Amino acid sequence: MYTNSASDGDGGGDVRKHESLEMSKELGHTASLQSSPPTTTDTSNKQQLVKIEQLPDRGSWSSKMDFILSVVGLAIGLGNVWRFPYLCYKNGGGAFILPYIITLFLAGIPMFFMELALGQMLTIGGLGVFKIAPIFKGIGYAAAVMSCWMNVYYIVILAWAVFYFFMSMRADVPWRTCNNWWNTVNCVSQYERKNLHCWDKIINGTTQKVCSVSALNITSLELTDPVKEFWERRALQISHGIEEIGNIRWELAGTLLLVWILCYFCIWKGVKWTGKVVYFTALFPYVLLTILLVRGITLPGALEGIKFYIIPNFSKLTNSEVWIDAVTQIFFSYGLGLGTLVALGSYNKFTNNVYKDALIVCTVNSSTSMFAGFVIFSVIGFMAHEQQRPVADVAASGPGLAFLVYPSAVLQLPGSPMWSCLFFFMLLLIGLDSQFCTMEGFITAIIDEWPQLLRKRKEIFIAIVCALSYLVGLTCITQGGMYIFQILDSYAVSGFCLLWLIFFECVSISWCYGVDRFYDGIKDMIGYYPTVWWKFCWCVTTPAICLGVFFFNIVQWTPIKYLDYSYPWWAHAFGWFTALSSMLYIPLYMFWLWKRTPGELSEKIRALVRIDEDVTRLREKMLREAYVKEIEFNSL
């Protein structure tokens, strides 16, 4: 039935309709036996085939480029800009590239390829694909839950970026001076501290530096700067702890609502519409990054920052934490384990060369991370030069880089508001396509599970999901919202949750369904067998890396802190609840399905763990089941 052509041209929707028609012709007789009496006539059979063609349309990519850019948009997110460069500096500069590349080829690219191929192979979202190994369907539910947590917390960063973007649209940025209503008496700019009158003084038996600020004597440890105070006292208006949730920050509630509206209209019409949106959200950030790089490398001190980024320190490679950082960075930055890649791949035509696509996107993703490092560290080097401080004291990652380091650096640039607007607009675009593609993965998984109920009401369903996610996300933009944000970041979407999901996903395909049959399915799609290397990775290295790093994270686990604040026990308990809300789905679903399935041990294994069908017969079976469901739904 399937050709060996690996054509990469356009017209995915027409090809999909053709494939559906061919499958319908093949299944007509079998389907009629399941839904009609044995005396079915040719006329009734044709009517049933028409009903197959009337199944709600899933949609498909309009062109090859739509798909490529959507996957690029998903994979290239905030982690490429604010985490990868810092990890390079922290873990030996250029030496970190070695564990990064090794991990990339042993686990990152293999899983990226597997997820895209799995979705394209079965033409269904993250829940339906586990018909390939039914007992592992809990992975799909776990990924859906984790996607929910991800959708709630990740978009908060974009709301902060939009707030900074709007605050930058004025004659000067508001975090330049200490003369604002939110500033304290301890506020002194980093660039003005060299002009303070300071002296050493013995306090409680230790020598400390004391400075005269506004007729007050303040120790250097008590000094703050306008950038930090704008972030904590103006943007967040942060409370003293998670016990003090405080009021909703209505300005942030407005920017959060704006980002959710943008997200909704990026996906509401399906992948044909999304495929057009990503032409802007995936490509324009490269224009902004290039502009920022050109400006950055022309600044004094930029070379020192870049040296810190790229000069290798191979002694760091003996530290196990370096390798752990490489694994977690790759899994998060490549969008693995959440079912999103499966969903995006499922909208491809069956004969698309997904192997080539995976290699292209992985190359673009990692290259972007390295490119962004030059952008960030050229600015950090300039900032260290202006403050007369070592680069090591200035380097930061995460929100600290986006909302403290870079805003501080633009203070010394002519036209500070313009550079600030460009940076935060870039953050918005980089994060937005990752957000709405993750949303698309969740929506696809749910709608494909209940297509008769939801596919015709997709726009309403997406609106409900966005509205509920917005309401839950309001907890993260209260005055105590940063503490909740940190809990979700460290537990609900943590590295050990992701490793848990990816381990079982890899094992379900390579060991349970069988890597040889999966390779046969790939050959049906692209016309040839990929190199045997990916078999080795799927069967050995990827599961081993996931399992090893998972247990290392558990053993090395320490309670999280926000700066010097220690969370109460009940906050950690809530954190573990959010983590287990996804992780426990896998073993609990296995236990439930095994108990409710009748038969002997060997029969259960053949039905639940290692099914008999190859990819061709499995696709036929899935279409037949969809047809029967449609008949049952229409008969209600």
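Contact here means heavy atoms within 4.5 Å, and these close-ups come from a predicted model.

**Close-up 1. N80 and its neighbours.** Let's start with N80, which sits in helix α4 (residues 78-82). Leaving aside residues up to four places away in sequence, N80 touches A75, P85, S333, N365, S369 and A372. N80 has a relative accessible area of 0%, and buried means under 20%, so N80 counts as buried.

**Close-up 2. S333 in helix α13.** Next comes S333, a residue of helix α13 (residues 320-333). S333 is buried too, at 7% relative accessibility. Its side chain has a polar atom 2.8 Å from the backbone oxygen of Q329. Not counting residues up to four places away in sequence, S333 is in contact with A75, I76, N80 and N365.

**Close-up 3. The annotated binding site.** An unreviewed UniProt entry carries the annotation "binding site" for G73, A75, N80, S333, N365, D433 and S434. These residues span 362 residues in sequence, yet no two of their C-alpha atoms are more than 13.8 Å apart, so they gather at one spot.

**Close-up 4. The largest cavity.** The structure holds five cavities of 30 Å³ or more, and the largest has about 130 Å³ of space. Its lining consists of 18 residues, with G126, G140, A143, L338 and G339 nearest the centre. By class, 10 of the lining residues are nonpolar, six are polar and two are charged. Helices α7 (138-167) and α18 (416-449) each supply at least two lining residues, and α7 gives the largest share, five residues.

Definitions and conventions: Residues are numbered from 1 along each chain as its sequence is written. This is a predicted model: local features need pLDDT of at least 70, side-chain atom pairs count only at pLDDT 80 or more; totals for chains, interfaces and linings use all residues. Side-chain values use heavy atoms; hydrogens and water are left out. On a 1 Å grid over the protein atoms alone, a cavity is a set of points where a 1.4 Å probe fits but cannot get out, and a pocket is an open set with protein on both sides within 12 Å along at least five of seven lines; lining residues have an atom within 4 Å of a point. Grid points are joined across faces, edges and corners, and a volume is the space filled by probe spheres set on the points. Helices (H or I, at least four residues) and strands (E, at least two) are DSSP runs, numbered from the N terminus. Ala, Val, Leu, Ile, Met, Phe, Trp, Tyr, Cys and Pro count as nonpolar, Asp, Glu, Lys and Arg as charged, and the others, Gly among them, as polar. UniProt positions are given in the numbering used here, feature names are shortened, and annotations may be inferred rather than shown by experiment. Buried means under 20% relative accessible area, exposed over 50%, partly exposed in between (1.4 Å probe, protein chains only). A polar contact is a pair of N or O atoms within 3.5 Å; within protein, one must be able to donate a hydrogen and the other to accept it, and residues adjacent in sequence count only if both atoms are side-chain atoms.
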